[in-house]
Amino acid sequence: MSSFVYSEKPIQIERGEDVYLYDDADNEYLDFGASYGVAAVGHCHPEVVSAVKSQVEKLTFVQASYPNSARDALYEKLATVAPGNLENVWLCNSGTEANEAALKFARSATGNSKVVAAQRGFHGRTMGSLAATWKPKYKTPFEPLAGDFEFVPFGDEEALNEAVDDDTAAVLLEPIQGEGGVNPAPEGYLQAAREVTEETGSALVFDEIQTGLGRTGTFWACEQYGVVPDILTSAKGLGGGLPIGATLCADWIAEDAGPHGSTFSGGPVVSAAAEATLSTIVDEELVGNAAEIGSHLQSKLGGGDLPIRSVRGEGLMVGVEVKRGANRLLKGLAMNHGVLALPAGRTVVRLLPPLTVTEAHADHVVEALEDVLTEATA
Ligand SMILES: *Cc1c(COP(=O)(O)O)cnc(C)c1O
């Protein structure tokens, strides 16, 4: 059997510890992409490993219709970090599923079908979330997708106000677009989205799958904008490496969410992993660390005399827009400097490190970037 979905990279990864990954020859790599942001508390965090180990021995799985203490502990922990009045949660296995549920719940609760999403937005690869994703390349071969999606330019208040009407079920936005190039919502935009959805009785949905869990320097990115949505989705780092997603909902959504379900929803092992991950983020004050190291990283990147067009983002979600293709730089970073990072489109190098990184790690990455950028222009 061979993989056909991914073009595999020429490094075989076998082991991980905190911010580092190790290949089959035990070479060390600084994982500044956190493996798509999943390793938010670092790889194999001891608290997560120990929670998983004890839970897997006690009860590996039970269906979600039976209460279970591991799942209850996660519910309790989520309640302490959830923004505003989002006191209801649906647990699933991935980001795209969390968004699928958000779309279903919003349609059911409003009785409407139209969803307004943003150009350059990314929400996942299953048929509903894919319909809300912007990039035509991801969608065209699979059409027809779920219907009634309308796209507006991200950050344009007027276009948003025009698109949202009394027939709108949801406005779905990333507070800071990730895949689309690391684009923070401009000042006032999310407030405008909050106002127009309130006026029309539509659900405001924030996809915080990439921006959440402290990455941007606050627990949720929406806190920086002072806006609480009706539905918020989380995944990626939530399980400390295990697959889990969550859809947090306000009461008016939860009360009329419609029938939904999934076999693996809220399994005890992933619940224990997520509870340990959230506790780690809080106990180790990783949100503050993301803010601090993130601003250090951004000021160092912006300070030099480098062929960089712009540095964007918040906290440890950073996009470095370069003048040449990002992929060649990423290859140089990995092969010559042992630094793994991610692209966000053709010309943006995306840094999404574990929230446990130090100034020294950030400095190392800046130096490595300087080096590959000068090589690329030489
Ligand atoms: C990664 C991501 C998703 C999809 O999550 P999967 O777990 O890959 O399905 C959705 N939205 C955003 C903003 C993401 O970054």
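**Exercise 1. Locate arginine 312 in the secondary structure and describe what its side chain reaches.**

Solution. Arginine 312 sits in strand S13, where strands (E, at least two residues) and helices (H or I, at least four residues) are DSSP runs numbered from the N terminus. The model is a predicted one, in which local features need pLDDT of at least 70 and side-chain atom pairs count only at pLDDT 80 or more, whereas totals for chains, interfaces and linings use all residues. Residues are numbered from 1 along each chain as its sequence is written, and side-chain values use heavy atoms, with hydrogens and water left out.

The next step is to follow the side chain. That of arginine 312 comes to 2.9 Å from the backbone oxygen of valine 182, and it also makes a polar contact with the side chain of glutamate 321 at 2.7 Å. A polar contact is a pair of N or O atoms within 3.5 Å; within protein, one must be able to donate a hydrogen and the other to accept it, and residues adjacent in sequence count only if both atoms are side-chain atoms.

Finally, one lists the surroundings, taking contact as heavy atoms within 4.5 Å. With neighbours within four places in sequence left aside, the residues in contact with arginine 312 include Gly181, Asn183, Gln298, Met317 and Val348.

**Exercise 2. Work out the strand order of the sheet that contains S13, and state which helices lie across its strands.**

Solution. The sheet is open, has 4 strands in the order S13-S14-S17-S16, and is paired in the antiparallel sense; two strands count as paired if DSSP finds at least two bridges between them. Strand S13 (308–314) and strand S16 (342–343) each have a single partner strand and stand at the edges, so one side of each lacks a neighbour in the sheet.

Within the order, strand S14 (residues 317–322) and strand S17 (residues 348–351) are antiparallel partners over 4 bridges, and glycine 319 stands opposite arginine 350 in S17.

As for the helices, H12 (residues 286–303) lies across S13, S14 and S17 and runs at about 170° to S13, while H13 (residues 326–337) lies across S14, S16 and S17 and runs at about 45° to S17. Axes here are lines fitted to C-alpha atoms, for helices over the stretch in contact, and angles run from 0 to 180 degrees between N-to-C directions.

**Exercise 3. Describe the division of the chain into domains and the interface between them.**

Solution. The domain assignment, whose bounds come from an automatic or database source, gives domain 1 (13–44 + 287–377) and domain 2 (46–283). Their centres, taken over C-alpha atoms, are separated by 26 Å, and the contact takes 25 residues from domain 1 and 28 residues from domain 2.

The area can then be considered. Domain 1 and domain 2 bury about 2,000 Å² between them, 64% of it on carbon and sulfur atoms, where buried area is the accessible area (1.4 Å probe) that two parts lose on being put together, summed over both. In domain 1, Val41, Val287 and Met317 lose the most area to domain 2, together 32% of what that side buries.
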